[in-house]
Amino acid sequence: ITPRENLDVNEYWMPDAARLVYSTYNENRASGAMVDGRATDWDSAYEAAASALKGATNAFFLGSPFATVEDNYLLARLAEAVGAEAPRYIARREEGSGDGWLVSDDAAPNTEGVERLGFAAVDGALIGSQIAAADVVYILHDDPFAAGVLASGDLSGPTVILHPTHTTNETLPHADIVLPITMSVET
């Protein structure tokens, strides 16, 4: 991967780690819709998701600072349409992990975007109770299990709708409805 030329930001430079993630765009890609662990057609999966959301009395939405602003905006509109609170997101900022030049302390490329949309970072002490009270958990492009925000059993009660990009998503086995999405570079 090579950077776009931008003399005001990074000139011609890009961190080696970012140049070498090309396999992420090609390997272990999620390819089709699933309901209850079985491959299905997209229409059936959409109907299952719509049915779960129509019947929801308390839905919890989790956006992603790895997704586009547009996808997060549509997620916020969906949350609003079903009467849910604004989506939350998992913060990935780790002070001191950047190099102060090309690599930021924030591993997610779009944290500012989700915050401008009004999303708040999840609170590790509260998310368990929020999930337990929800009858639907809707997750866009993130992996709360891999992030250490959720643990085994946390998603055993609600219907889980997940939009993954990869089959390596650790939350995938806990999802009831899976609707794979394209990666931001494809969008």
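This report covers a cavity, a surface patch and salt bridges in a predicted model.

## Basis of the model

Residues are numbered from 1 along each chain as its sequence is written, and side-chain values use heavy atoms, without hydrogens and water. The model is predicted: local features need pLDDT of at least 70, side-chain atom pairs count only at pLDDT 80 or more, and totals for chains, interfaces and linings use all residues.

## The cavity

The structure holds one cavity of 30 Å³ or more. A cavity is a set of points, on a 1 Å grid over the protein atoms alone, where a 1.4 Å probe fits but cannot get out. About 30 Å³ of space lies in the largest cavity, the volume being the space filled by probe spheres set on the points.

The lining of the largest cavity includes Phe 66, Ala 67, Thr 68 and Asp 71. His 141, Thr 182, Met 183, Ser 184 and Thr 187 also line it. Lining residues have an atom within 4 Å of a point. Three of the lining residues are nonpolar, five are polar and one is charged. Here Asp, Glu, Lys and Arg count as charged; Ala, Val, Leu, Ile, Met, Phe, Trp, Tyr, Cys and Pro count as nonpolar; the others are polar.

## The surface patch

Ile 1, Leu 20, Val 21 and Tyr 22 form a nonpolar surface patch. Together they have about 370 Å² of accessible area, by the Shrake-Rupley method with a 1.4 Å probe. Patch residues have over 30% relative accessible area and no salt bridge, with nonpolar side chains joined within 5 Å.

Leu 20 sits in the loop between helix H1 (16-19) and strand S1 (34-35). Helices are DSSP runs of at least four residues (H or I), strands of at least two (E). Leu 20 is exposed, at 59% relative accessible area. Exposed means over 50%, buried under 20%, and partly exposed in between (1.4 Å probe, protein chains only).

## Salt bridges

The structure holds four salt bridges. Each is a side-chain nitrogen of Lys or Arg within 4 Å of a carboxyl oxygen of Asp or Glu. Among them, Glu 85 pairs with Arg 88 at 3.7 Å between the closest N and O atoms. Glu 85 is exposed at 59%; Arg 88 is partly exposed at 21%.

Arg 92 bridges to Asp 142, with the closest N and O atoms 2.7 Å apart. This pair links distant parts of the chain, 50 residues apart. Arg 92 is partly exposed at 21%, while Asp 142 is buried at 3%. Arg 93 and Glu 95 form another bridge, at 2.9 Å between the closest N and O atoms. Both Arg 93 and Glu 95 are exposed.

Methods
On a 1 Å grid over the protein atoms alone, a cavity is a set of points where a 1.4 Å probe fits but cannot get out, and a pocket is an open set with protein on both sides within 12 Å along at least five of seven lines; lining residues have an atom within 4 Å of a point. Patches are made of residues with over 30% relative accessible area and no salt bridge: like charges are joined within 9 Å, nonpolar side chains (Val, Leu, Ile, Met, Phe, Trp, Tyr) within 5 Å.
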